[in-house]
Amino acid sequence: MKCLVFMLLVALSSAKVFERCEWARMMRSHGMDGVGGYNLANWVCLTKGESDYNTRATNRNTDGSIDYGIFQINSRYWCNNGQGPTSNACGINCSELLKDDVTAAIRCAKRVVQDPNGIRAWVAWVRHCEGRDLSSYVRGCGV
Ligand SMILES: *[C@@H]1O[C@H](CO)[C@@H](O)[C@H](O)[C@H]1NC(C)=O
């Protein structure tokens with residue numbers, strides 16, 4: 001019983017950090033393969049660089065906006081955190097982007113990549129993924 005309570009507390013308090021192949025399969029099941037013209041390996045590489053697959057990752061930018069979740073989506077343009085101006089183009093509360101259930105985060109990433117910058121909206125993709133051999137990101141995942 002004590003053990004069960006402890007496990008419940010851990011489940012409530014700990015961030016969901018995906019294992020690489022677990023995340024690749026999750027994205028595939030949400031139709032991310034080919035989104036924006038980019039295969040799954042690009043999306044795995046991008047999220048490795050942005051959040052290390054951590055759904056609860058947050059980072060503050062110099063303009064005061066905050067990047068949220070596994071895709072590090074920005075509060076100035078895409079979601080509302082109640083702190084400062086936002087276009088809220090994904091039409092969500094930023095806290096939705098931090099959930100273990102990644103449905104909202106993936107839906108918003110699909111919206112972000114539709115903008116003219118495409119996948120280049122993510123600095124980590126430009127820095128770590130563009131023009132590279134990304135096959136290792138999905139190797140052994142059965143995707
Ligand atoms: C977003 O959701 C959180 C948690 O449910 C809530 O505390 C916060 O007030 C909400 N923010 C906005 C801007 O709606």
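Start by selecting C79 and C94: both are buried. This is a predicted model, and in it a disulfide joins the two, C79 to C94, with an S to S distance of 2.1 Å. The torsion about their S-S bond is about 90 degrees, so this disulfide is right-handed. C79 sits in strand 4 (residues 79-80) and C94 in the loop between strand 5 (92-93) and helix 4 (103-112), so the pair ties together parts 15 residues apart in sequence.

Next, select C90 and C108, joined by a disulfide at 2.0 Å S to S. C90 belongs to the loop between strand 4 and strand 5, while C108 is in helix 4, 18 residues apart. With a torsion of about 85 degrees, this one is right-handed. C90 counts as buried at 19% relative accessibility, and C108 is buried at 2%.

Now move to C21 and C141, another disulfide, 2.1 Å from S to S. C21 lies in helix 2 (residues 20-29) and C141 in the segment after helix 5 (123-128), so the bond ties together parts 120 residues apart in sequence. Here the torsion is about -75 degrees, so the disulfide is left-handed. The structure holds four disulfides, and along the chain the bonded cysteines follow the pattern 1-8, 2-7, 3-5, 4-6.

Finally, show the ligand, with N80, N81, G82, N93 and S95 around it. The protein buries 34% of the 360 Å² that the ligand exposes when taken alone. Polar side-chain atoms reach ligand oxygen atoms from N93 at 2.3 Å and from S95 at 3.3 Å. What kinds of residues make up the shell around the ligand? Five polar, no nonpolar and no charged.

Technical notes
Residues numbered from 1 in each chain as written. Predicted model: local features only at pLDDT ≥ 70, side-chain atom pairs only at ≥ 80, totals over all residues. Heavy atoms only, no water. Near = heavy atom within 4 Å. Polar contact = N/O pair within 3.5 Å; in protein donor to acceptor, adjacent residues only side chain to side chain. Areas by Shrake-Rupley, 256 points an atom, 1.4 Å probe, with all protein chains shown as cover. Nonpolar A, V, L, I, M, F, W, Y, C, P; charged D, E, K, R; others polar. Disulfide = S-S within 2.5 Å. Helix = DSSP H or I, 4+ residues; strand = E, 2+ residues; numbered from the N terminus. Buried < 20%, exposed > 50% of the residue type's maximum accessible area, 1.4 Å probe, protein only.
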